[in-house]
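This report describes a sheet, the core packed on it and the surroundings of a ligand. The sequence and structure come first.

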Amino acid sequence: MKDLDKRVILEENDGKSIRSFVLRGGRLTHLQERALQNYYDDYVIEFSRNILDFEKLFGNNNPVIIEIGFGMGESTAEIAAKFPDNNYLGIEVFLAGVGRLLHDIHERCLKNLCIIRFNAVDVLQEMISDQSVAGFHIFFPDPWPKKKHHKRRLLQEEFLKVLSRKLKPEGYIYCVTDWTPYAEWIIDEARKVAELVNNSENGYCEPVSWRPETKFELKGLIKKHEIHEIRLKKSGTSPL
Ligand SMILES: C[S@@+](CC[C@H](N)C(=O)[O-])C[C@H]1O[C@@H](n2cnc3c(N)ncnc32)[C@H](O)[C@@H]1O
């Protein structure tokens, strides 16, 4: 097997990007290891400093939705299977999660889902064209509850501006968290980004029927945390 854990990830990081994750180690299951061995080259795109050509990658012009931090990716695969007329790009650094999702992509014969294993902050900056993405899904991002760690939160003004720049006009950011202070923070940070509109009166939207429950959502529910759904839309019309 290729030495995937060393093919990492952070060498390219010049220290300027938000570091919103701790690289989880742990043993791979047999299923994850086999999927990494057999399907990595079919569905994982290596990080590079070249802009991705979505049409070439997916073989069509369908809308592209990027999920950041898919964890084990069960909900990612389920959503991709449910909406074959969308393309999905999952970004995650956790090797076991990449292995698990590779297994699901293969099992379900999904043609509309690819993976990048790298810091999403760098991927967005380096590989994704401005005004090219139909939507972003960010389900249960790490909450970084301590004040001294707030700078590690992914959904802060600086990164929301990047997401907004990558979105097509009318594109959306859909995030869900079980950590109330983070939910409030996201709403406040989004207010600082002029092109992002939150149409919900109290900042929170109704859950959508198509979003499957995720692993981290279940953990939050067991702790009796409230689930907060936030949907932001990019305003404006296309200059094209
Ligand atoms: C709390 S987990 C949630 C996983 C999954 N979405 C769920 O709900 O079960 C957050 C995940 O985001 C990933 N992550 C955090 N920051 C990231 C980044 N900058 N780039 C890629 N993945 C990131 C972590 O590795 C972790 O697996």
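Two strands pair if DSSP finds at least two bridges between them. Helices (H or I, at least four residues) and strands (E, at least two) are DSSP runs, numbered from the N terminus. This is a predicted model, in which local features need pLDDT of at least 70 and side-chain atom pairs count only at pLDDT 80 or more, while totals for chains, interfaces and linings use all residues. Residues are numbered from 1 along each chain as its sequence is written.

Eight strands make up an open sheet with mixed pairing, in the order 1-4-3-2-5-6-8-7. Strand 1 and strand 7 (196–197) are at the edges with a single partner strand each, so one side of each has no neighbour in the sheet.

| Strands | Bridges | Opposite residues |
|---|---|---|
| Strand 1 (residues 44–45) and strand 4 | two bridges | I45 and I116 |
| Strand 3 and strand 4 | four bridges | L89 and C114 |
| Strand 2 and strand 3 | five bridges | I66 and L89 |
| Strand 2 (residues 64–68) and strand 5 | three bridges | E67 and H137 |
| Strand 5 and strand 6 (residues 167–177) | six bridges | F136 and I173 |

Two right-handed β-α-β units are built on these strands. A crossover is right-handed if, with the strands pointing away from the viewer, the path from the first strand over the helix to the second runs clockwise. One unit consists of strand 3, helix 4 and strand 4; another consists of strand 5, helix 6 (residues 157–166) and strand 6.

**Burial and the core**

A residue is buried if 20 or more other C-beta atoms lie within 10 Å of its own, exposed if 12 or fewer, and partly exposed in between, with C-beta atoms placed from the backbone. In strand 5 (residues 133–139), six of the seven residues are buried, so the rest of the structure largely encloses this strand. Strand 4 is covered on both faces, with L113 and I115 buried on one side and C114 and I116 buried on the other. In a regular strand the side chains alternate between the two faces of the sheet.

A nonpolar core is a set of buried Ala, Val, Leu, Ile, Met, Phe, Trp, Tyr and Cys residues joined through C-beta atoms within 7 Å. The largest such core has 58 residues, of which I66, I91, V98 and V123 touch the most other members. Helix 4 (residues 95–107) supplies the largest share of this core, six residues. Residues are in contact if their C-beta atoms, placed from the backbone, lie within 7 Å. Apart from neighbours within four places in sequence, I91 contacts I66, I68, I116, F118, A120 and V123.

The buried residues of helix 5 include A120, V121, D122, V123 and L124. Against which elements do the buried residues of helix 5 pack? They pack against strand 2, strand 3 (87–91), strand 4 (113–116) and helix 6.

**Around the ligand**

The ligand is surrounded by 23 residues, the closest being G69, G71, A120, F140 and T214; a residue counts as near if its C-beta atom, placed from the backbone, lies within 6 Å. Helix 5 (120–127) and helix 8 (215–222) are the elements that give two or more residues to this shell. Helix 8 gives the most, three residues. The shell comprises 13 nonpolar, six polar and four charged residues. Here Ala, Val, Leu, Ile, Met, Phe, Trp, Tyr, Cys and Pro count as nonpolar, Asp, Glu, Lys and Arg as charged, and the others, Gly among them, as polar.

How values were computed:
Two residues are in contact if their C-beta atoms, placed from the backbone, lie within 7 Å.
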